[in-house]
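Hello,

Here is the structure I promised to pass on to you.

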Amino acid sequence: MKRIIPHSRPTISEDDVQKAASNLRGGKIATGEETGFFEKELSRYIGSLGGVAVNSGTNALFLSLKALGIKKGDEVILPSYVCASVLSAINLAGARPVLADIEEEGYNISPDSVESKITSKTKAVIVPHMFGSPARIDKFLKLKVPIIEDCAQSVGGEFKGKKIGSFGKLSIFSFYATKVFTTGQGGMVTTHSKEILEKLRDMTQYDGRESYLVSYNMAMTDFQAALGRSQLKMLGSFIKKRRAIAARYDKIIKEFGRAPKRAEGSICFRYVVEVEDPENFIGEMGRRGVMCARPIFRPLHSYLGLNARIFPNTEKAQGRAVSVPIYPSMSEEEISAVETSLRATRSFLSKPI
Ligand SMILES: *Cc1c(COP(=O)(O)O)cnc(C)c1O
């Protein structure tokens with residue numbers, strides 16, 4: 001039987017299981033001490049004042065928008081080339097989403113495109129660091145609008161030697177099953193502002209509040225946090241393994257096509273190749289047991305019924321980009337099998353330009 005290499009797979013060790021199990025056995029399951037430790041450890045790792053752990057990355061975004069006081073009629077800028085979760089969070093906060101295009105090289109939101117979309121109603125810009133590759137965050141900090149860094153795919157990545165997530169007014173993380181490390185479902189918001197931290201913490205629980213209007217049941221639980229703390233300890237080795245696999249794929253791609261576009265400091269969360277015909281390439285790799293996927297299901301302008309011509313770089317990425325399996329739990333046999341399949345399907349790769 002042919003071995004199937006899934007597109008992604010979490011890396012859970014026996015130690016992770018023990019840590020979560022010991023928390024469950026201890027009976028302190030709801031939000032408590034363990035969650036507090038996880039918040040401190042991740043925010044220290046990022047270089048932030050503190051963090052608030054929540055039950056998803058999407059809710060981390062929603063709460064960030066609420067903490068900035070964003071309401072109906074306010075505008076929030078985001079890229080068109082990102083998962084729909086970001087759009088959902090803005091919608092849930094009642095704000096108006098304003099889409100920007102991505103850069104010509106790489107897959108991150110374009111500072112020039114963002115600048116052209118800023119109005120007097122713009123209350124925040126969400127800057128996702130896509131596929132593990134840091135966006136040019138220095139350019140966004142110059143715009144006089146609060147920046148929310150979306151590090152859901154890039155925890156541990158660095159921009160000019162500093163951890164991403166340490167630049168924005170707020171930063172969000174996701175620990176969903178397919179992300180860099182996992183707590184099942186989960187997320188966090190980190191910030192340098194004590195005031196914002198207090199607001200965030202207050203919003204994640206509903207009991208004993210003076211008002212019911214801004215309290216949401218979105219906190220993380222302690223057994224998830226126990227898993228998160230254990231996974232965080234492995235983050236350095238996870239990133240090392242990802243970069244080593246990416247370097248091996250790079251060799252093949254450079255022989256036959258364009259070198260993949262990654263910024264320095266990337267953690268190689270996704271390995272994205274550009275091909276002339278994504279559907280056919282995904283099918284061909286699938287027949288060889290290598291499950292590939294489009295990294296973005298649909299560009300967001302297609303949900304909002306906007307003209308695709310306004311987003312040429314997003315359209316180009318969507319028309320070409322395919323994500324190839326890359327994760328720390330890949331065995332040597334699996335990595336070699338992907339290498340063999342990449343060589344065999346080289347005629348699909350986009351020609352060098
Ligand atoms: C996954 C993801 C999110 C949402 O995180 P969830 O934990 O799945 O809600 C937000 N932004 C980006 C860039 C993501 O990849």
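How many disulfides does the count come to? The count comes to 0 disulfides, a disulfide being a pair of cysteine sulfur atoms within 2.5 Å. Two cysteines show why: the sulfur of C268 is 16 Å from the closest cysteine sulfur, in C151, which is too far for a bond. For C292 the closest cysteine sulfur is that of C268, again 16 Å away and too far for a bond. Both are buried, C268 at 4% relative accessibility and C292 at 10%. (Buried means under 20% relative accessible area and exposed over 50%, with partly exposed in between, using a 1.4 Å probe and protein chains only.)

A word on the basis: this is a predicted model, in which local features need pLDDT of at least 70 and side-chain atom pairs count only at pLDDT 80 or more, while totals for chains, interfaces and linings use all residues. Residues are numbered from 1 along each chain as its sequence is written, and side-chain values use heavy atoms, with hydrogens and water left out.

**The ligand**

Around the ligand there are 14 residues, of which G57, T58, D150, S174 and K179 come nearest; to be counted, a residue needs a heavy atom within 4 Å. A polar side-chain atom of D150 is 2.6 Å from a ligand nitrogen atom.

**The core**

The largest nonpolar core has 43 residues, and L63, V76, Y81, Y107, I148 and L200 have the most contacts inside it. Such a core is a set of buried Ala, Val, Leu, Ile, Met, Phe, Trp, Tyr and Cys residues joined through side-chain atoms within 4.5 Å. Its largest share, 6 residues, comes from α3. (Helices, H or I of at least four residues, and strands, E of at least two, are DSSP runs numbered from the N terminus.) Leaving aside residues up to four places away in sequence, V76 touches, among others, I70, I90, P97 and I126, where contact means heavy atoms within 4.5 Å.

In α4, the buried residues are V86, L87, A89 and I90. They fall within an arc of 160° seen down the axis, so they line one face of the helix; the arc is that of the directions from the helix axis to the C-beta atoms. N91 and L92, on the other side of α4, are exposed. After α4 comes G94, with a positive phi near 85°.

In α9 (residues 278–287), P278, F281, I282 and M285 are buried. These residues cover an arc of only 100°, which puts them on the same side of α9. They pack against β10, α11, β11 and α12.

F131 is not a glycine, yet its phi is positive, near 60°. K160, also not a glycine, has a positive phi of about 50°. F131 counts as buried at 4% relative accessibility, whereas K160 counts as exposed at 68%.

Best wishes

Notes:
Polar contact = N/O pair within 3.5 Å; in protein donor to acceptor, adjacent residues only side chain to side chain.
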